[in-house]
Amino acid sequence: MSAVNTTPFKLRRDSFGKLIITLESGEEHVGVMPVRAFPIQAPTKGISLVRDGGKEVAWIDDLAEMPEEIRTLVREEIEGREFIPEIVRIKDVSSFATPCTWFVETDRGDTQFVLKVDEDIRRIGEASLLVADSHGINFLVRDMYRIDKHSRKILDRFL
């Protein structure tokens, strides 16, 4: 027995790569964009699909519960717009006084960046941190309590 599709919309790309949503009513909107309600704490939950002008046309409670083709299209669209590398490990810092250079391993590879002031490290929730470099790129520390001991020691000096 096959599962019944209960998704209240269909999603596809047009020949220009724009997302097109077709609602149950048959109404179509070209160029919709997924917007996460909680991009750091719950990246797959609470995703709004909005059209031009920011008007919401559909809501996704949990992306994991959507059909694979919709999950793929939404992830591709979000990843194409958002760039927040996650710091996996802090290898070293040039100084414990700012400005200083951080040498880090991220989920996208090794890099280095300049931390201008201590205030460029912001707490998000209980355990997450957002670290802004001198160019305005944000780096995420998902859980400062689960990062390795050496990295945690460095973080403690700046918090």
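Reply: The discussion below takes up the nonpolar cores, a strand hairpin and a pocket of this predicted model.

Me: Which residues of the largest nonpolar core touch the most other members?

Reply: In soluble globular proteins, nonpolar side chains tend to be buried together. Here the largest nonpolar core has 18 residues, and those that touch the most other members are I87, I90, W102, V141, L155 and F158. Two or more residues each come from β7 (87–93), β8 (100–106), β9 (109–115), β11 (128–132), β12 (138–141) and α2 (149–158). Apart from this core lies another, of 17 residues, including V32, I47, I70 and L73.

Me: With which residues is I87 in contact, leaving aside its neighbours within four places in sequence?

Reply: I87 is then in contact with V104, E105, T106, F113, F139, L140, V141 and I147.

Me: Do β11 and β12 run parallel or antiparallel?

Reply: The strands β11 and β12 run antiparallel and are joined by 4 bridges. L129 stands opposite V141 in β12. In this hairpin, 5 residues lie between the strands, and G136 takes a positive phi near 90°.

Me: How much space lies in the largest pocket, and which lining residues are the closest to its centre?

Reply: Rolling a probe the size of a water molecule over the atoms shows where empty space is left. In this model, the largest pocket holds about 360 Å³ of space. Its lining consists of 18 residues, of which R36, P39, P43, E82 and R142 are the closest to the centre. Helix α1 (residues 68–81) gives the largest share of the lining, 3 residues. By class, the lining has 9 nonpolar, 1 polar and 8 charged residues.

How values were computed: Residues numbered from 1 in each chain as written. Predicted model: local features only at pLDDT ≥ 70, side-chain atom pairs only at ≥ 80, totals over all residues. Heavy atoms only, no water. Core = buried A, V, L, I, M, F, W, Y, C linked by side-chain atoms within 4.5 Å. Buried < 20%, exposed > 50% of the residue type's maximum accessible area, 1.4 Å probe, protein only. Contact = heavy atoms within 4.5 Å. Pairing = 2+ DSSP bridges. 1 Å grid on protein atoms, 1.4 Å probe; cavity = no way out; pocket = protein on both sides within 12 Å on 5 of 7 lines; lining within 4 Å. Points joined across faces, edges and corners; volume = space filled by probe spheres on them. Nonpolar A, V, L, I, M, F, W, Y, C, P; charged D, E, K, R; others polar.
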